[in-house]
Each structure stands twice: as C-alpha cells, then as structure tokens.
Amino acid sequence: MIAVDFETYYSRTHTVSTLGPWAYAHHPKTDIYMVSVVGEGIEFVGDPSDFDFSRLTGRDLVSHNAAFDSVVARAAISKGTIKQTFVPKSWSCSADLAAYCGQPRSLADAVKAVFGHELPKVMRQVMSGKSWQWAQDKGKAGQLLEYALNDSRWCLKLWEKLAPQWPIHERRLSAHTRTLQWRGVNVEADKLRTGITHLAELNAAAADKIPWAGDGAILSLPVLRDYCQTLGIPAPKSLAKDSDEAIAWEDKYGDRFEWIAALRDYRRTNILLQKLQAIDVRRRADGTMPVNLKYWGAHTGRWSGDAGVNMQNLPRSEMFNVNVRPMFMARSGHKFVIVDLSQIEPRVLYWLTGDAPMLDAIRSGVPLYEAHARATMGWTGGKMKDEAPDLYRLAKARVLGLGYGCGPGKFQHVAQALAGVTLDAAQCEDTVRQWRSGNERICKFWLSLTRKLGCGVNSQADHIEFGLPSGRPVRWWQPRLRIDETGTNPGANAFNGKGWTYLWGGKMTENIVQALARDVFADCVMRIEANGIRVLWTVHDEVICEVPEDQADDALDTVTRIMSTPPDWISDLPLAAEGGIENHYAK
DNA sequence: GCTACGAGCGCC
DNA sequence: AAAGGGCGCTCGTAGC
C-alpha cells in the first residue's frame with residue numbers, strides 16, 4: 001500500500017468547497033505543486049513532475065479523501081504537471097475507512113483519535129493565498145515538504161491500523177462512490193440559466209421589500225427584533241416555517257407588513273439560487289456535473305451529500321416556478337432508470353422484530369399500510385387506499401411515525417409531515433396509546449435496547465452494539481447516564497461516531513433500522529452495477545441509473561427485479577421496488 | 001480572520 | 001412516564 005497526497009494552491013475564495021473537487025482541480029489557478037508518496041519502499045516529496053508516476057501502475061494506493069487526490073492526479077496529467085499516465089491497481093480512501101470505523105473523517109482528527117498524536121496544522125493556514133514560489137522565497141519550502149511527507153506517513157499508518165476492520169464489500173462501495181464523480185450527470189444549461197435569472201429577480205424583489213436591507217444583515221434575528229421594537233410590535237422567538245409561534249405571528253401581522261412574507265421568500269429564493277449557481281460552476285465542458293456523495297456520511301452508514309451540492313435534498317417539485325430536478329437530463333441517446341425500494345424501513349422493522357404475520361401479509365401482496373390496518377386498526381374492508389383513503393393515510397402516519405418511540409406531542413407534527421394527516425392533541429394521545437397496545441413486538445424491541453443501554457451505562461462500557469445480519473455492528477460509544485433538570489432519566493448520552501447524542505430504546509431502534517435498510521440498499525446497488533447498469537447517484541432508497549435508450553426497458557426490469565430480491569444474508573426479507581424510465585430526473 | 005454553532009429549509 | 005431518526009447548505013452571530 002502506497003499513500004499519495006497532493007498539495008495545491010488555494011485561497012480564501014479559490015477552494016474545493018466553492019468549486020467542488022473536479023472544477024477546483026482542473027481550474028487554471030490551481031497549481032498542483034507538490035506530491036508526497038510513501039510506502040512499499042518509496043518515500044518521495046516534491047514537485048509532481050519530478051516523480052515517475054509510472055512506478056504507481058499496478059500498485060494499491062491510498063489517499064485521505066481519495067475523491068480529491070485522484071481527481072487532482074487526473075487534472076495534473078491533463079495540465080502536463082504529471083508526465084506519465086499511470087493505472088494503479090486500486091485507489092482507496094482512508095477518510096472513508098475512518099468514517100466506517102466510527103472515527104472522525106479529517107486526517108488530523110482521525111490521527112488524534114486513533115493514535116493520540118497531534119498533527120501540526122499551521123502550514124495549511126500559512127499557505128492560504130500563497131504560491132509554492134512564495135514558500136521557497138520565504139524559506140518555508142523545507143517545512144512544507146516535511147509537512148506533506150508527514151501527512152502521507154500518517155495516512156499510511158491510519159490505513160494499516162484500521163483497514164483490517166473494513167470488509168471487502170464496503171471497500172467496493174467506497175470505490176463505487178468515487179466513480180460517480182467521473183460519470184457525472186448531464187445538466188440542461190438553458191433551464192439552469194433561466195432558473196438562475198428568475199430566482200435572482202425574485203430574490204432582489206424580496207430584498208426590496210425588507211426595510212433594513214442594505215443597512216444590515218437581512219436574515220439577522222437581532223436586527224428583526226430591533227425593527228419590530230421600533231414598530232411597537234412583538235417579534236417571534238423563531239421564524240421557522242412550521243413553528244406555531246411564527247405562524248400565529250405571521251397571521252396577525254402579515255397583512256400589515258409585506259416584509260414579513262418577503263423575509264421568508266428572500267431566504268428560500270436565495271438558498272435555491274445558491275444551489276443552482278453551485279451546479280453551474282461545477283459544469284464540465286461536456287455539459288455534465290460530477291456527482292459527489294459522501295460514503296458513510298451518516299453514522300448509520302448512509303451516504304450523505306458532499307462537495308457543495310447535495311444531490312439528496314433537491315426539491316421534489318416546483319418552487320417559485322423553478323423546478324430543479326428536471327434540469328438533470330439523461331445524456332443523448334440515453335434514459336434514466338429511476339427505481340426506489342418500497343417502504344424499506346417499516347419492512348426492516350417488522351423483520352427485526354420477527355413479526356411473522358405482518359411479513360407474511362406483505363409477502364402475499366397486501367399493501368403494507370393496509371396490512372397494518374388489518375392487524376391493528378380493525379380494517380376488514382377491501383382495498384383500503386380506494387375505499388377509505390383518509391384512514392389509509394392515518395395507517396401510513398402510524399407505520400412511519402410511531403415505530404421509533406415518538407410520543408403524542410411529536411406525532412402531531414410527524415403525522416402531518418409524513419402523511420399529510422391533521423390530528424388534534426387528544427387524537428394523538430389515543431392513536432399513540434392504541435398503536436402501542438397493538439404493536440407489542442416493536443415496544444419490546446425498544447425495551448430490549450433500553451436494557452442493553454442500561455447495562456452499558458452500569459458497566460461504564462466502552463461501547464454497546466447491535467449486530468446486523470449484514471455482518472456489521474451498529475455501535476454507540478461511551479454510554480453514560482444522562483442527568484437532566486428533573487433528576488435522572490432512564491435515557492443516556494452516548495457518542496455515535498459523529499457527536500454526542502441523547503439515546504433511548506426508540507432512537508436506537510431507528511438507528512438500527514436505518515442502518516439495516518442502508519445495507520440492504522447498498523447490496524442492491526452493487527448487484528445493479530454487477531449487471532452492467534451504471535448508477536449515477538443514489539438517494540437513500542432510490543437509485544438513478546443511466547442506460548442506452550434501446551436497453552431502457554430491459555434495464556428497468558433488471559433493476560426492479562434486483563431491488564425486489566433481498567440480499568443473500570437476509571433472504572426472508574420481503575422487498576418491493578417501483579420505478580420508471582425517464583428523460584429527466586423527477587420524483 | 002478563523003472556527004463553531006444555531007436558525008432555517010430542503011430531502012429520505 | 002416520556003422519547004422519531006438521519007443528513008448538507010446558507011446565513012448570521014459569537015468567541016477566540
């Protein structure tokens with residue numbers, strides 16, 4: 001294994017985060033001035049043009065953030081900084097490895113956590129806005145070379161220490177995530193430009209309606225409060241769209257003051273505008289945008305968005321007359337095949353709790369929410385979705401909202417958000433009580449986890465874990481008693497790999513369900529690729545593939561079949577999937 | 001001038 | 001008895 005780390009020019013404004021790795025690396029301003037290579041008898045640091053990269057052909061490489069270093073290598077070849085093309089056997093990512101192991105992603109933090117060693121960071125700040133020539137002139141060249149070499153040494157050490165814990169199928173998923181960056185997705189430039197122009201106009205119009213625009217920060221809560229005081233009206237504590245207080249405040253004063261609505265429009269148009277501009281600067285000469293996803297972005301193992309554009313939270317439908325999803329269009333002669341797993345999380349929860357009657361009903365083709373209503377809500381009619389649509393939506397809200405310990409107060413919002421069901425406080429009380437009495441298996445599952453947590457707290461355990469059938473454990477570290485204002489609470493605080501979190505049985509259940517659903521989905525993704533179908537990106541339970549037009553029908557069949565077939569290690573999980581063939585991305 | 005964090009908003 | 005969860009990004013403030 002050989003560690004590779006490039007050093008490149010950056011400044012306050014010229015960064016990976018503003019441009020994304022691909023556009024940053026290929027940008028003319030990005031001088032690729034140093035590389036360090038450590039391992040298998042090689043120890044080099046210096047100008048990339050002084051290293052014979054053909055030595056890396058056929059070798060296993062590792063970089064901390066390989067998505068970045070591999071794209072820099074490619075850019076360096078196209079810029080002529082690297083003279084030799086080279087084909088490594090593999091190029092792994094030690095940041096992905098660290099994340100899988102529950103360690104921090106950044107090299108310095110991971111090295112600190114794993115080895116207790118502090119990596120010096122000073123050079124990184126020193127070099128902001130500075131060229132390699134500047135470093136040489138100022139006599140900092142030696143220090144910089146040493147710093148770069150040190151990073152590669154520690155990257156290699158981190159790899160050697162942690163890699164044995166990283167299963168082969170997870171390594172493949174990490175590598176697959178990086179291929180999305182090369183593939184990219186085609187962007188319809190006209191639609192993008194039209195959207196940017198339109199949103200910029202709306203945003204400016206909204207700003208015009210806000211009295212303090214120009215004087216101070218438009219979205220500042222303190223400024224808003226001051227302004228309300230001059231008007232002699234109260235200001236809400238929160239302006240959040242679904243906050244009861246903000247809604248009441250808007251109802252009362254919204255008609256008198258147009259800036260109240262304008263404030264929200266300003267924020268929302270701006271967020272969307274920034275997103276479109278981020279897509280715009282990432283576009284390549286061939287009209288595509290690289291897709292960057294973060295492997296193991298969530299502690300449950302889910303992928304997350306990355307590198308400035310989050311492809312996992314694109315608005316589902318039109319906002320301000322702008323529809324973002326259809327701006328992504330299949331390449332000429334190709335189609336998108338978009339398929340998602342149906343109700344994967346409740347299916348997984350029934351599997352985990354061994355609910356054989358529910359699993360059998362689902363397997364025999366009863367719609368999941370209807371099966372729940374038949375089992376616990378007294379439904380005895382026919383096809384519920386048609387015969388009793390309101391009750392069906394309530395069944396959906398119950399299935400999606402109550403499996404993880406949600407109480408009546410929270411359920412009111414959850415039912416509205418997940419199923420569009422409006423319930424009053426008393427109805428929520430009744431629903432939660434009735435659901436819990438009819439879903440004992442799930443409640444017992446929470447309890448078993450609460451007990452596990454309690455044991456961990458009592459023994460001051462390093463970590464507690466739940467083994468998934470995929471072979472990997474979900475872990476929570478340092479479970480410790482949680483003391484709150486009211487005294488002690490049966491809950492605990494624990495570290496989940498990302499941060500400290502309040503934990504109890506219901507939340508642990510949710511973590512486990514999400515993790516298992518992720519492993520099932522990940523298995524599907526790799527089987528799709530094994531069938532020669534190219535995945536462009538994924539959104540938790542949804543896969544966006546791109547295939548030649550004449551193969552689209554077959555590909556849809558194949559992907560749907562794969563995603564309706566559980567992995568070998570959970571062959572009794574009833575899976576279902578649905579999707580379609582599209583020219584444009586849509587939901 | 002940098003980082004950390006909260007508020008707000010989009011998604012599954 | 002009570003308790004949904006998981007993200008990223010933008011803007012603004014606070015603290016070093």
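Predicted model: local features only at pLDDT ≥ 70, side-chain atom pairs only at ≥ 80, totals over all residues.

Colleague: Noted. What is the handedness of the crossing of helix 2 and helix 8?

Modeller: The crossing of helix 2 and helix 8 is right-handed.

Colleague: Which residues of helix 2 and helix 8 meet?

Modeller: From helix 2 there are A66, A67, S70, V71 and R74, and from helix 8 there are R178, Q181 and W182. By class, this contact of helix 2 with helix 8 holds 4 nonpolar, 2 polar and 2 charged residues.

Colleague: Next pair. At what angle do the axes of helix 9 and helix 12 cross?

Modeller: The axes of helix 9 (residues 189–208) and helix 12 (residues 258–282) cross at roughly 150 degrees and come within 8 Å. Because angles over 145 degrees count as roughly antiparallel, helix 9 is roughly antiparallel to helix 12.

Colleague: And is that crossing of helix 9 and helix 12 left-handed or right-handed?

Modeller: The crossing of helix 9 and helix 12 is left-handed. Its contact residues divide into 13 nonpolar, 5 polar and 3 charged. Helix 9 contributes, among others, L192, I196, L199 and L202, while residues of helix 12 in the contact include D265, Y266, T269 and L273.

Colleague: What about helix 19 and helix 20: how far apart are their axes?

Modeller: The axes are 5 Å apart, and helix 19 (residues 425–438) packs against helix 20 (residues 440–458) at an angle of about 90 degrees. That makes helix 19 roughly perpendicular to helix 20. In this contact, W435, R436, S437 and G438 of helix 19 meet E440, I442, C443 and W446 of helix 20. Its residues fall into 4 nonpolar, 2 polar and 2 charged.

Colleague: Let us turn to the loops. Where is F320?

Modeller: F320 is in the loop between strand 9 (304–305) and strand 10 (334–341). Phi of F320 is near 55 degrees, a positive value in a residue other than glycine. As background, most residues other than glycine have a negative phi.

Colleague: What does F320 touch, beyond its neighbours in sequence?

Modeller: Leaving aside residues within four places in sequence, F320 is in contact with H198, L199, L202, D265, R268 and T269. Of these, L199 and L202 in helix 9 and D265 and T269 in helix 12 also take part in the contact between those two helices. F320 counts as partly exposed, because its relative accessibility is 22%.

Colleague: What is the phi of W296?

Modeller: W296 has a positive phi of about 55 degrees, although it is not a glycine. The residue lies in the loop between strand 8 (293–294) and strand 9. W296 is buried, with a relative accessible area of 5%.

Colleague: Now the loop between helix 10 and helix 11. Is K241, which is found there, buried or exposed?

Modeller: K241 counts as exposed, at 54% relative accessibility. The loop that holds K241 runs between helix 10 (221–231) and helix 11 (244–253). Not counting residues up to four places away in sequence, K241 touches I247 and R264.

Colleague: And S243: buried or exposed?

Modeller: S243 is buried, with a relative accessible area of 14%. S243 is also placed in the loop between helix 10 and helix 11.

Colleague: Finally, the whole chain. How many helices and strands does chain A have?

Modeller: Chain A has 22 helices and 17 strands. Its C-alpha trace spans about 75 × 65 × 60 Å along the principal axes.

Note on methods. Residues numbered from 1 in each chain as written. Chains lettered and ligands numbered in written order. Heavy atoms only, no water. Axes fitted to C-alpha atoms, helices over the stretch in contact; angles between N-to-C directions. Helix = DSSP H or I, 4+ residues; strand = E, 2+ residues; numbered from the N terminus. Parallel < 35°, antiparallel > 145°, perpendicular 65-115°, else oblique. Left-handed = near helix turned anticlockwise from the far one by under 90°. Contact = heavy atoms within 4.5 Å. Nonpolar A, V, L, I, M, F, W, Y, C, P; charged D, E, K, R; others polar. Buried < 20%, exposed > 50% of the residue type's maximum accessible area, 1.4 Å probe, protein only.
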